[in-house]
Amino acid sequence: MDTITKAAKLMEKNQTDEAIALLEDYSSVADDEEKFMIVELYHQWGYIQKAIDLLQALEKKYPMESDIKIMLADMLIEIERDEAAIELLDQVKEDDEAYVQALVQLADLYQAQGLFEVAEQKLLLAKRKEPNEIIIDFALGELLFSIGEYQRAITYYERILPHESQVANVAIYDRLAEAYAATGKYEDALQIFRMSDNKNPDTLFKYGLTAFQANRNDIAIKAWEQVLKIDPYYHTVYLYLAKAYANEKMPDKAYDIAKKGLSVDEFNKELYFIAGKLAYTLRRYDESKDFVRKAVALDPDYKEGVLFLIELFKEEEKFADIIDLINEIQQSGAQDPLYEWELARAHREIESYADALKHYREAYNTLNKDSDFLKEYAYFLVEEGRMDAAIPVFESYLQLEPLDSETEEYLARLKQFQDDE
(Lines give C-alpha, C1' and ligand atoms only; values in the text may rest on other atoms or scores of the structure.)
Protein backbone atom coordinates (compact mmCIF):
# COMPACT_ATOMS: atom_id res chain seq x y z
CA MET A 1 0.00 0.00 0.00
CA ASP A 2 1.47 3.41 -0.98
CA THR A 3 1.93 6.09 1.70
CA ILE A 4 -0.87 8.42 0.57
CA THR A 5 -3.39 5.57 0.41
CA LYS A 6 -2.24 4.40 3.84
CA ALA A 7 -2.81 7.91 5.25
CA ALA A 8 -6.30 7.98 3.75
CA LYS A 9 -7.08 4.61 5.36
CA LEU A 10 -5.86 5.89 8.73
CA MET A 11 -8.15 8.93 8.44
CA GLU A 12 -11.10 6.65 7.61
CA LYS A 13 -10.40 4.87 10.92
CA ASN A 14 -10.36 8.28 12.71
CA GLN A 15 -6.63 7.95 13.37
CA THR A 16 -6.20 11.61 12.48
CA ASP A 17 -2.86 12.35 14.13
CA GLU A 18 -1.21 9.32 12.56
CA ALA A 19 -2.61 10.19 9.09
CA ILE A 20 -1.40 13.79 9.23
CA ALA A 21 2.04 12.84 10.62
CA LEU A 22 2.47 10.29 7.83
CA LEU A 23 1.67 12.86 5.11
CA GLU A 24 3.87 15.53 6.69
CA ASP A 25 6.83 13.14 6.69
CA TYR A 26 6.15 11.97 3.16
CA SER A 27 5.69 15.49 1.69
CA SER A 28 9.46 16.09 1.70
CA VAL A 29 10.12 13.12 -0.62
CA ALA A 30 6.89 13.03 -2.65
CA ASP A 31 6.97 13.98 -6.31
CA ASP A 32 4.91 16.96 -7.52
CA GLU A 33 1.93 14.88 -8.63
CA GLU A 34 1.81 13.26 -5.19
CA LYS A 35 2.09 16.67 -3.53
CA PHE A 36 -1.05 17.76 -5.39
CA MET A 37 -2.80 14.64 -4.08
CA ILE A 38 -1.68 15.51 -0.54
CA VAL A 39 -2.95 19.09 -1.00
CA GLU A 40 -6.36 17.74 -1.99
CA LEU A 41 -6.46 15.44 1.04
CA TYR A 42 -5.49 18.25 3.42
CA HIS A 43 -8.19 20.43 1.92
CA GLN A 44 -10.77 17.66 2.04
CA TRP A 45 -9.99 17.00 5.71
CA GLY A 46 -10.16 20.68 6.63
CA TYR A 47 -6.45 21.29 7.16
CA ILE A 48 -6.53 24.38 4.95
CA GLN A 49 -3.32 26.00 6.16
CA LYS A 50 -1.33 22.80 5.58
CA ALA A 51 -2.76 22.59 2.05
CA ILE A 52 -1.85 26.26 1.46
CA ASP A 53 1.72 25.80 2.70
CA LEU A 54 2.32 22.88 0.33
CA LEU A 55 0.54 24.58 -2.57
CA GLN A 56 2.53 27.80 -2.12
CA ALA A 57 5.74 25.80 -2.58
CA LEU A 58 4.35 24.34 -5.80
CA GLU A 59 3.26 27.79 -7.00
CA LYS A 60 6.80 29.10 -6.57
CA LYS A 61 8.13 26.14 -8.53
CA TYR A 62 5.58 26.62 -11.32
CA PRO A 63 4.91 30.39 -11.40
CA MET A 64 3.32 30.23 -14.87
CA GLU A 65 0.73 27.61 -13.92
CA SER A 66 -2.45 29.63 -13.46
CA ASP A 67 -4.44 26.58 -12.26
CA ILE A 68 -2.24 26.50 -9.17
CA LYS A 69 -2.83 30.21 -8.56
CA ILE A 70 -6.58 29.76 -8.91
CA MET A 71 -6.61 26.81 -6.49
CA LEU A 72 -4.39 28.63 -4.01
CA ALA A 73 -6.54 31.78 -4.22
CA ASP A 74 -9.64 29.70 -3.43
CA MET A 75 -8.00 28.34 -0.29
CA LEU A 76 -6.74 31.75 0.80
CA ILE A 77 -10.30 33.08 0.46
CA GLU A 78 -11.50 30.23 2.71
CA ILE A 79 -9.28 31.49 5.54
CA GLU A 80 -10.22 35.13 4.80
CA ARG A 81 -6.87 36.17 3.37
CA ASP A 82 -8.55 38.12 0.59
CA GLU A 83 -5.70 40.51 -0.15
CA ALA A 84 -3.26 37.63 -0.71
CA ALA A 85 -5.85 35.98 -3.00
CA ILE A 86 -6.26 39.22 -4.99
CA GLU A 87 -2.50 39.54 -5.39
CA LEU A 88 -2.33 36.01 -6.81
CA LEU A 89 -5.29 36.40 -9.17
CA ASP A 90 -3.91 39.68 -10.51
CA GLN A 91 -0.88 37.72 -11.72
CA VAL A 92 -2.98 35.72 -14.22
CA LYS A 93 -2.22 37.17 -17.66
CA GLU A 94 -4.81 38.22 -20.23
CA ASP A 95 -3.69 35.58 -22.72
CA ASP A 96 -4.05 32.81 -20.13
CA GLU A 97 -6.94 30.34 -20.44
CA ALA A 98 -7.75 30.93 -16.75
CA TYR A 99 -7.93 34.72 -17.15
CA VAL A 100 -11.74 34.91 -17.23
CA GLN A 101 -12.03 32.62 -14.22
CA ALA A 102 -9.57 34.84 -12.36
CA LEU A 103 -11.61 37.93 -13.24
CA VAL A 104 -14.80 36.33 -11.89
CA GLN A 105 -13.04 35.39 -8.66
CA LEU A 106 -11.64 38.90 -8.34
CA ALA A 107 -15.13 40.33 -8.83
CA ASP A 108 -16.42 38.13 -5.99
CA LEU A 109 -13.65 39.36 -3.71
CA TYR A 110 -14.17 43.03 -4.53
CA GLN A 111 -17.92 42.64 -4.10
CA ALA A 112 -17.37 41.10 -0.65
CA GLN A 113 -15.27 44.15 0.24
CA GLY A 114 -18.03 46.51 -0.91
CA LEU A 115 -16.06 47.69 -3.94
CA PHE A 116 -19.01 47.21 -6.28
CA GLU A 117 -17.78 49.38 -9.14
CA VAL A 118 -14.45 47.56 -9.26
CA ALA A 119 -16.27 44.21 -9.15
CA GLU A 120 -18.50 45.27 -12.05
CA GLN A 121 -15.49 46.40 -14.08
CA LYS A 122 -13.86 43.00 -13.64
CA LEU A 123 -17.02 41.21 -14.75
CA LEU A 124 -17.53 43.47 -17.77
CA LEU A 125 -13.94 42.77 -18.77
CA ALA A 126 -14.67 39.04 -18.48
CA LYS A 127 -17.86 39.56 -20.50
CA ARG A 128 -15.88 41.12 -23.34
CA LYS A 129 -13.56 38.11 -23.36
CA GLU A 130 -16.39 35.54 -23.13
CA PRO A 131 -19.62 37.24 -24.34
CA ASN A 132 -21.65 34.01 -24.31
CA GLU A 133 -20.55 32.68 -20.91
CA ILE A 134 -23.67 32.25 -18.76
CA ILE A 135 -21.79 32.29 -15.45
CA ILE A 136 -20.62 35.84 -16.20
CA ASP A 137 -24.17 37.01 -16.97
CA PHE A 138 -25.21 35.38 -13.71
CA ALA A 139 -22.43 37.07 -11.74
CA LEU A 140 -23.36 40.47 -13.21
CA GLY A 141 -27.03 39.89 -12.48
CA GLU A 142 -26.31 38.89 -8.89
CA LEU A 143 -23.98 41.84 -8.32
CA LEU A 144 -26.47 44.38 -9.68
CA PHE A 145 -29.36 42.73 -7.82
CA SER A 146 -27.41 42.91 -4.55
CA ILE A 147 -26.85 46.68 -4.86
CA GLY A 148 -30.42 47.50 -5.91
CA GLU A 149 -29.71 48.01 -9.63
CA TYR A 150 -32.72 45.85 -10.45
CA GLN A 151 -33.46 47.12 -13.96
CA ARG A 152 -29.90 46.42 -15.07
CA ALA A 153 -29.94 43.04 -13.33
CA ILE A 154 -33.03 42.08 -15.33
CA THR A 155 -31.05 42.38 -18.56
CA TYR A 156 -28.56 39.73 -17.46
CA TYR A 157 -31.11 37.36 -15.95
CA GLU A 158 -33.12 37.48 -19.19
CA ARG A 159 -30.00 36.47 -21.13
CA ILE A 160 -29.65 33.36 -18.98
CA LEU A 161 -33.22 32.02 -19.16
CA PRO A 162 -33.17 30.71 -22.75
CA HIS A 163 -30.26 28.46 -21.72
CA GLU A 164 -30.63 27.72 -17.99
CA SER A 165 -33.38 28.05 -15.40
CA GLN A 166 -30.98 27.60 -12.49
CA VAL A 167 -27.35 28.62 -11.91
CA ALA A 168 -25.34 27.91 -8.74
CA ASN A 169 -28.53 26.67 -7.02
CA VAL A 170 -30.26 29.99 -7.72
CA ALA A 171 -33.60 29.85 -9.58
CA ILE A 172 -33.34 32.46 -12.35
CA TYR A 173 -37.12 32.74 -12.74
CA ASP A 174 -37.38 33.70 -9.07
CA ARG A 175 -34.58 36.25 -9.26
CA LEU A 176 -36.07 37.80 -12.39
CA ALA A 177 -39.51 37.99 -10.79
CA GLU A 178 -38.07 39.63 -7.67
CA ALA A 179 -36.21 42.15 -9.81
CA TYR A 180 -39.39 43.01 -11.73
CA ALA A 181 -41.27 43.41 -8.46
CA ALA A 182 -38.52 45.64 -7.05
CA THR A 183 -38.93 47.97 -10.04
CA GLY A 184 -42.70 48.13 -9.54
CA LYS A 185 -43.52 45.90 -12.52
CA TYR A 186 -45.74 43.62 -10.49
CA GLU A 187 -47.75 42.14 -13.36
CA ASP A 188 -44.54 41.18 -15.17
CA ALA A 189 -43.23 39.70 -11.93
CA LEU A 190 -46.40 37.65 -11.47
CA GLN A 191 -46.11 36.30 -15.01
CA ILE A 192 -42.51 35.22 -14.37
CA PHE A 193 -43.41 33.61 -11.04
CA ARG A 194 -46.12 31.57 -12.81
CA MET A 195 -43.49 30.26 -15.25
CA SER A 196 -41.30 29.03 -12.40
CA ASP A 197 -41.58 25.38 -11.44
CA ASN A 198 -40.03 26.15 -8.07
CA LYS A 199 -42.84 25.81 -5.53
CA ASN A 200 -40.89 25.85 -2.28
CA PRO A 201 -42.25 28.00 0.56
CA ASP A 202 -39.81 30.87 -0.06
CA THR A 203 -40.79 31.15 -3.71
CA LEU A 204 -44.49 30.90 -2.92
CA PHE A 205 -44.13 33.59 -0.27
CA LYS A 206 -42.43 35.94 -2.73
CA TYR A 207 -45.08 35.15 -5.34
CA GLY A 208 -47.77 36.04 -2.82
CA LEU A 209 -45.96 39.21 -1.82
CA THR A 210 -45.71 40.32 -5.45
CA ALA A 211 -49.43 39.64 -5.94
CA PHE A 212 -50.18 41.57 -2.73
CA GLN A 213 -48.17 44.55 -4.00
CA ALA A 214 -50.11 44.37 -7.27
CA ASN A 215 -53.39 44.50 -5.28
CA ARG A 216 -54.15 40.91 -6.29
CA ASN A 217 -55.14 39.79 -2.82
CA ASP A 218 -56.91 36.73 -4.22
CA ILE A 219 -53.67 35.38 -5.70
CA ALA A 220 -51.69 36.33 -2.60
CA ILE A 221 -54.13 34.50 -0.33
CA LYS A 222 -53.92 31.29 -2.38
CA ALA A 223 -50.12 31.42 -2.45
CA TRP A 224 -49.79 32.07 1.27
CA GLU A 225 -52.35 29.46 2.23
CA GLN A 226 -50.25 26.99 0.23
CA VAL A 227 -47.13 28.10 2.12
CA LEU A 228 -48.82 27.33 5.44
CA LYS A 229 -49.92 23.92 4.20
CA ILE A 230 -46.29 23.13 3.43
CA ASP A 231 -44.85 24.82 6.52
CA PRO A 232 -47.22 26.05 9.25
CA TYR A 233 -44.21 27.55 11.08
CA TYR A 234 -43.38 29.96 8.25
CA HIS A 235 -43.76 32.96 10.58
CA THR A 236 -43.61 35.76 8.04
CA VAL A 237 -46.73 34.63 6.19
CA TYR A 238 -49.23 35.19 8.98
CA LEU A 239 -48.99 38.99 9.13
CA TYR A 240 -49.30 39.42 5.37
CA LEU A 241 -52.07 36.84 5.04
CA ALA A 242 -54.05 38.62 7.75
CA LYS A 243 -53.63 41.89 5.84
CA ALA A 244 -54.73 40.24 2.58
CA TYR A 245 -57.87 38.81 4.23
CA ALA A 246 -58.63 42.21 5.74
CA ASN A 247 -58.22 43.87 2.33
CA GLU A 248 -60.72 41.36 0.93
CA LYS A 249 -63.25 42.33 3.62
CA MET A 250 -62.85 39.07 5.55
CA PRO A 251 -62.09 40.37 9.06
CA ASP A 252 -63.04 37.11 10.80
CA LYS A 253 -60.57 35.11 8.73
CA ALA A 254 -57.97 37.82 9.14
CA TYR A 255 -58.42 37.80 12.91
CA ASP A 256 -58.19 34.01 13.09
CA ILE A 257 -54.99 33.87 11.02
CA ALA A 258 -53.41 36.64 13.11
CA LYS A 259 -54.13 34.66 16.29
CA LYS A 260 -52.74 31.49 14.71
CA GLY A 261 -49.64 33.45 13.79
CA LEU A 262 -49.17 34.51 17.39
CA SER A 263 -49.24 30.87 18.46
CA VAL A 264 -46.06 30.30 16.41
CA ASP A 265 -44.51 33.77 16.69
CA GLU A 266 -45.33 35.14 20.13
CA PHE A 267 -42.84 38.03 19.99
CA ASN A 268 -44.12 39.70 16.82
CA LYS A 269 -45.38 43.15 17.79
CA GLU A 270 -46.90 43.77 14.34
CA LEU A 271 -48.98 40.59 14.60
CA TYR A 272 -50.26 41.67 18.01
CA PHE A 273 -51.08 45.08 16.59
CA ILE A 274 -52.98 43.81 13.56
CA ALA A 275 -54.82 41.33 15.80
CA GLY A 276 -55.79 44.28 18.00
CA LYS A 277 -57.01 46.35 15.05
CA LEU A 278 -59.02 43.42 13.71
CA ALA A 279 -60.53 42.73 17.13
CA TYR A 280 -61.59 46.38 17.22
CA THR A 281 -63.22 46.02 13.79
CA LEU A 282 -65.11 43.01 15.14
CA ARG A 283 -66.19 45.08 18.18
CA ARG A 284 -64.15 42.94 20.56
CA TYR A 285 -62.82 45.96 22.39
CA ASP A 286 -61.30 44.25 25.41
CA GLU A 287 -59.43 41.81 23.18
CA SER A 288 -58.33 44.72 21.03
CA LYS A 289 -56.78 46.51 24.01
CA ASP A 290 -55.12 43.33 25.25
CA PHE A 291 -53.44 42.61 21.93
CA VAL A 292 -52.22 46.16 21.37
CA ARG A 293 -50.98 46.41 24.96
CA LYS A 294 -48.89 43.28 24.30
CA ALA A 295 -47.47 44.92 21.17
CA VAL A 296 -46.48 47.98 23.18
CA ALA A 297 -45.08 45.81 25.98
CA LEU A 298 -42.74 44.22 23.42
CA ASP A 299 -41.70 47.66 22.14
CA PRO A 300 -42.60 50.68 24.31
CA ASP A 301 -41.49 52.91 21.42
CA TYR A 302 -44.03 51.32 19.04
CA LYS A 303 -45.68 54.63 18.21
CA GLU A 304 -48.44 53.23 16.01
CA GLY A 305 -49.58 50.91 18.78
CA VAL A 306 -49.37 53.61 21.46
CA LEU A 307 -51.45 56.09 19.45
CA PHE A 308 -54.04 53.39 18.69
CA LEU A 309 -54.46 52.69 22.41
CA ILE A 310 -54.73 56.40 23.14
CA GLU A 311 -57.59 56.76 20.63
CA LEU A 312 -59.30 53.71 22.13
CA PHE A 313 -59.07 55.19 25.62
CA LYS A 314 -60.43 58.50 24.33
CA GLU A 315 -63.49 56.74 22.92
CA GLU A 316 -64.05 55.19 26.34
CA GLU A 317 -63.27 58.53 28.05
CA LYS A 318 -60.59 56.80 30.11
CA PHE A 319 -58.23 59.78 30.27
CA ALA A 320 -56.44 58.54 33.40
CA ASP A 321 -55.54 55.39 31.44
CA ILE A 322 -53.96 57.58 28.75
CA ILE A 323 -51.85 59.31 31.39
CA ASP A 324 -50.81 55.99 32.94
CA LEU A 325 -49.95 54.52 29.54
CA ILE A 326 -47.78 57.43 28.42
CA ASN A 327 -46.03 57.73 31.78
CA GLU A 328 -45.26 54.02 31.65
CA ILE A 329 -43.75 54.07 28.15
CA GLN A 330 -41.81 57.26 28.87
CA GLN A 331 -40.25 55.55 31.88
CA SER A 332 -39.09 52.86 29.44
CA GLY A 333 -37.32 55.51 27.37
CA ALA A 334 -39.93 56.15 24.66
CA GLN A 335 -40.10 59.84 23.79
CA ASP A 336 -42.20 61.73 21.26
CA PRO A 337 -43.66 65.26 21.29
CA LEU A 338 -47.05 63.79 20.37
CA TYR A 339 -47.04 61.99 23.73
CA GLU A 340 -46.63 65.33 25.52
CA TRP A 341 -49.51 66.73 23.51
CA GLU A 342 -51.70 63.76 24.40
CA LEU A 343 -50.74 64.10 28.07
CA ALA A 344 -51.76 67.75 27.92
CA ARG A 345 -55.13 66.84 26.42
CA ALA A 346 -55.75 64.05 28.94
CA HIS A 347 -54.92 66.31 31.92
CA ARG A 348 -57.16 68.98 30.44
CA GLU A 349 -60.05 66.49 30.27
CA ILE A 350 -59.67 65.56 33.94
CA GLU A 351 -59.41 69.28 34.80
CA SER A 352 -55.79 69.03 35.93
CA TYR A 353 -54.99 72.32 34.22
CA ALA A 354 -51.59 72.98 35.78
CA ASP A 355 -50.34 69.62 34.53
CA ALA A 356 -51.97 70.24 31.15
CA LEU A 357 -50.11 73.56 30.85
CA LYS A 358 -46.81 71.89 31.75
CA HIS A 359 -47.22 69.29 28.99
CA TYR A 360 -48.45 71.83 26.43
CA ARG A 361 -45.30 73.85 27.09
CA GLU A 362 -43.14 70.75 26.74
CA ALA A 363 -44.81 69.81 23.46
CA TYR A 364 -44.47 73.40 22.19
CA ASN A 365 -40.67 73.07 22.19
CA THR A 366 -40.98 70.68 19.26
CA LEU A 367 -44.42 71.27 17.78
CA ASN A 368 -44.12 75.04 17.34
CA LYS A 369 -44.52 74.60 13.57
CA ASP A 370 -47.58 72.34 13.82
CA SER A 371 -50.62 74.50 13.06
CA ASP A 372 -53.14 72.15 14.71
CA PHE A 373 -51.13 72.09 17.91
CA LEU A 374 -50.59 75.87 17.94
CA LYS A 375 -54.28 76.58 17.52
CA GLU A 376 -55.28 74.20 20.30
CA TYR A 377 -52.55 75.48 22.64
CA ALA A 378 -53.48 79.11 22.02
CA TYR A 379 -57.15 78.56 22.86
CA PHE A 380 -56.14 76.63 25.98
CA LEU A 381 -54.02 79.58 27.11
CA VAL A 382 -57.03 81.89 26.63
CA GLU A 383 -59.19 79.53 28.69
CA GLU A 384 -56.57 79.72 31.42
CA GLY A 385 -56.64 83.51 31.29
CA ARG A 386 -53.12 83.73 29.87
CA MET A 387 -53.96 86.23 27.13
CA ASP A 388 -50.44 87.65 26.81
CA ALA A 389 -49.02 84.17 26.23
CA ALA A 390 -51.83 83.21 23.85
CA ILE A 391 -51.38 86.14 21.42
CA PRO A 392 -47.89 85.18 20.07
CA VAL A 393 -49.02 81.57 19.74
CA PHE A 394 -52.03 82.68 17.68
CA GLU A 395 -49.70 84.84 15.57
CA SER A 396 -47.42 81.86 14.92
CA TYR A 397 -50.45 79.83 13.94
CA LEU A 398 -51.67 82.48 11.48
CA GLN A 399 -48.26 82.62 9.83
CA LEU A 400 -48.80 78.97 8.98
CA GLU A 401 -52.55 79.31 8.23
CA PRO A 402 -53.07 82.88 6.88
CA LEU A 403 -56.45 82.00 5.33
CA ASP A 404 -58.09 81.18 8.67
CA SER A 405 -60.14 84.37 8.84
CA GLU A 406 -62.19 83.21 11.81
CA THR A 407 -59.09 82.82 14.01
CA GLU A 408 -57.69 86.07 12.64
CA GLU A 409 -60.85 87.92 13.72
CA TYR A 410 -60.71 86.19 17.13
CA LEU A 411 -57.10 87.33 17.59
CA ALA A 412 -58.04 90.90 16.63
CA ARG A 413 -60.79 90.92 19.28
CA LEU A 414 -58.35 89.44 21.82
CA LYS A 415 -55.81 92.16 21.14
CA GLN A 416 -58.51 94.85 21.37
CA PHE A 417 -59.65 93.44 24.69
CA GLN A 418 -56.07 93.55 25.94
CA ASP A 419 -55.67 97.15 24.76
CA ASP A 420 -58.92 98.21 26.45
CA GLU A 421 -57.70 96.88 29.75
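## Exercises on a predicted model

Aspartate 32 has its place in helix H3 (residues 32-45); helices are DSSP runs of H or I with at least four residues, numbered from the N terminus. This is a predicted model, in which local features need pLDDT of at least 70, side-chain atom pairs count only at pLDDT 80 or more, and totals for chains, interfaces and linings use all residues. Residues are numbered from 1 along each chain as its sequence is written, and side-chain values use heavy atoms, with hydrogens and water left out.

**Exercise 1.** Decide whether aspartate 32 is buried or exposed, and find its contacts.

*Step 1.* Buried means under 20% relative accessible area, exposed over 50%, and partly exposed in between (1.4 Å probe, protein chains only). At 17%, aspartate 32 is therefore buried.

*Step 2.* A contact means heavy atoms within 4.5 Å. Leaving aside neighbours within four places in sequence, aspartate 32 is in contact with Leu58, Lys61 and Tyr62.

**Exercise 2.** Classify two aromatic pairs by their ring geometry.

*Step 1.* Rings of Phe, Tyr and Trp (its six-membered ring) pair if their centres lie within 6.5 Å; planes under 30 degrees apart count as stacked, over 60 as edge-to-face and the rest as tilted. The whole structure holds 24 aromatic pairs.

*Step 2.* Phenylalanine 193 and tyrosine 207 have ring centres 5.7 Å apart and planes at 50 degrees, so this pair is tilted. The pair links distant parts of the chain, with phenylalanine 193 in helix H12 (residues 186-195) and tyrosine 207 in helix H13, 14 residues apart. Both phenylalanine 193 and tyrosine 207 are buried.

*Step 3.* Tyrosine 379 and phenylalanine 394 form an edge-to-face pair, at 4.9 Å centre to centre and 85 degrees between the planes. Tyrosine 379 lies in helix H23 (residues 371-383) and phenylalanine 394 in helix H24 (residues 387-400), so the pair ties together parts 15 residues apart in sequence. Tyrosine 379 counts as partly exposed at 25% relative accessibility, while phenylalanine 394 counts as buried at 0%.

Note on methods: Helix = DSSP H or I, 4+ residues; strand = E, 2+ residues; numbered from the N terminus.
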